[in-house]
Amino acid sequence: MSTLRALAKAQAVAAGLAQPVATVRHLHLSDRPLVLVPLAMAGEANAPLAAMVGAAPDAARLLVVPQPRNRDQRFAFAAELAAIVLPYLDSFRGVSEAVPVDRGRDVRYRYVDAPQLLVPNPAGVTFLRLFGRSTRFRRPDGEYPVHPSVPLLGRWLTFLAERAEHPGSAALVAMTEALTLHWATGQSAVEDLHLPALLGWIDPPPGHTGAEAAARAEDPRLCPPAGPATDPDFDNHRLAPIVAAYAEADDDPAARAAAYAELERLLRDQLAPTWELLWRGVGLLRALPPGARVPGRWDGDKDAFTGYAEHVDAGGGPQPRRDGAVAAAVRLHRLERALASYAVQRAYDDPLVMAEHRLTGEAFVGEVTLADPKRVDDTGKRPVLRPRIQVVTTEPVAVPVGATLYSPARPSQKAKVVFLTPGADGKTEVVLELSGGMGRGLTAPPGTVPEVGERLCFTTLADTFLPAGNFPAPEETPWTHGGPPAAAPAVDVAGPAGDPAEGGDGDPAEEWS
């Protein structure tokens with residue numbers, strides 16, 4: 001936890017209200033996100049019990065699995081979910097846009113928009129990841145066939161779950177993580193995973209403090225858990241009798257229909273509060289202006305969506321059970337690069353985020369007191385424009401002479417520290433030599449060189465291109481990492497065992513863990 005976030009949490013306790021830790025919204029919000037509230041059966045590994053899904057607050061659809069241990073009912077649920085999710089995904093595949101590449105010498109095409117799924121918390125992301133893993137290898141033929149849409153749904157859910165691991169991605173968003181990215185509450189990080197309590201701190205009812213609203217939200221009778229887990233008391237005293245009544249009514253259609261209707265009503269009451277809270281969270285996030293670099297990160301999601309859609313259309317196979325050594329290293333390297341870039345972009349977009357780096361000495365803010373925009377360096381083979389400015393700051397400057405700094409106001413420009421002169425009054429004079437972002441001539445265009453009186457932030461954080469690492473081809477994997485990967489055996493999911501949640505012997509799902 002950073003110093004500023006710890007301070008914001010202390011202020012939240014004192015004020016009885018969550019404190020903002022961001023001035024802009026750091027993630028993209030779709031105009032029509034698909035909200036999904038999953039519910040799993042307690043004591044069973046990823047056994048779906050119900051889900052509430054829809055793309056508008058008044059368009060909720062409830063899907064129910066009366067017998068989560070029943071294999072056929074679970075895959076019927078998957079088919080119902082696919083009938084909602086897959087058309088939603090396809091609705092973004094109608095229009096493409098041209099994107100220049102190779103410095104404008106060529107173009108590529110991607111979809112103009114991409115889907116976005118919202119779930120209550122990280123456990124919801126985990127549920128979708130595991131559900132995708134248990135369905136993407138299923139077959140529509142064989143001894144235990146499933147609907148053809150089921151394996152396709154599994155592949156798309158796996159894709160979305162992998163995008164959720166990508167820093168800055170907004171394809172699959174856990175609402176609790178999105179809200180805590182912008183607000184600090186007076187409770188622990190574990191308590192922040194409870195959506196009702198989190199929203200109680202951020203937007204409490206009139207006349208209540210955040211702590212009072214959060215305490216009320218922790219009562220499962222008033223605010224059911226935000227999924228996918230249920231409350232044990234709910235399982236034992238309310239859910240179990242209805243499930244048992246449904247199972248016992250095999251030979252009585254009327255009793256079975258009545259038990260199903262009662263189960264549907266019970267689960268709707270369980271999921272509806274979380275559904276409303278999710279859309280309430282969407283409204284709070286929409287009230288924040290988006291950061292300047294948010295659209296660029298959403299372009300990355302559009303690229304990923306387009307690429308995977310083309311892979312599916314070309315008949316490409318499902319994601320592998322596990323990555324090989326080279327694929328795992330490449331993926332880790334890509335995520336590390338994305339994380340470094342995401343941290344810099346958030347700091348560039350948001351003064352509150354940059355303030356954390358100012359506390360650690362990675363940045364300082366000062367006023368330009370002198371500027372020489374016409375200075376030319378002619379010591380080399382040819383003269384080059386190298387303006388110098390003097391910045392006076394009252395903040396500690398923890399960078400050495402010769403360090404290269406960057407300013408969010410002019411991110412393409414480098415500022416080399418030439419002199420550091422500490423003053424007796426606590427001020428420090430920093431002389432910087434500028435390069436880049438001023439064209440190729442010997443005269444700087446207007447606005448490219450800071451003017452006297454301008455207040456700027458300079459930081460060691462650089463939002464520059466990070467080259468990809470060099471990795472061997474998969475067939476050249478060294479023996480220290482297992483050697484070249486063997487050909488993947490054929491996957492036969494029509495075996496005798498059934499389902500990963502059932503833990504049956506011989507089920508390929510057990511190999512996916």
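This is a predicted model: local features need pLDDT of at least 70, side-chain atom pairs count only at pLDDT 80 or more; totals for chains, interfaces and linings use all residues.
Local features were taken at pLDDT of at least 70 and side-chain atom pairs only at pLDDT 80 or more, whereas totals for chains, interfaces and linings use all residues. Residues are numbered from 1 along each chain as its sequence is written, and side-chain values use heavy atoms, with hydrogens and water left out.

The largest nonpolar core holds 87 residues. A nonpolar core is a set of buried Ala, Val, Leu, Ile, Met, Phe, Trp, Tyr and Cys residues joined through side-chain atoms within 4.5 Å; buried means under 20% relative accessible area (1.4 Å probe, protein chains only). Within this core, Leu81, Trp156, Leu179 and Leu267 touch the most other members. Leaving aside residues up to four places away in sequence, Leu267 is in contact (heavy atoms within 4.5 Å) with Leu39, Leu49, Ala50, Val64, Phe234 and Leu239. A second, separate core has 18 residues, among them Val391, Val399, Val417 and Leu434.

Helices are DSSP runs of H or I with at least four residues, numbered from the N terminus. The axes of H4 (residues 149-164) and H10 (residues 294-313), lines fitted to C-alpha atoms over the stretch in contact, come within 12 Å and cross at roughly 155 degrees. The two helices are therefore roughly antiparallel (angles over 145 degrees between N-to-C directions, on a range from 0 to 180). On the H4 side, Trp156 is one of the residues that meet H10, and the H10 residues involved include Ala304, Phe305 and Tyr308.

No disulfide (a pair of cysteine sulfur atoms within 2.5 Å) was found in the whole structure. Cys223 is buried at 16% relative accessibility, and Cys457 is buried at 14%.

Note on methods:
Buried means under 20% relative accessible area, exposed over 50%, partly exposed in between (1.4 Å probe, protein chains only). Helices (H or I, at least four residues) and strands (E, at least two) are DSSP runs, numbered from the N terminus. Angles under 35 degrees count as roughly parallel, over 145 as roughly antiparallel, 65 to 115 as roughly perpendicular and the rest as oblique.
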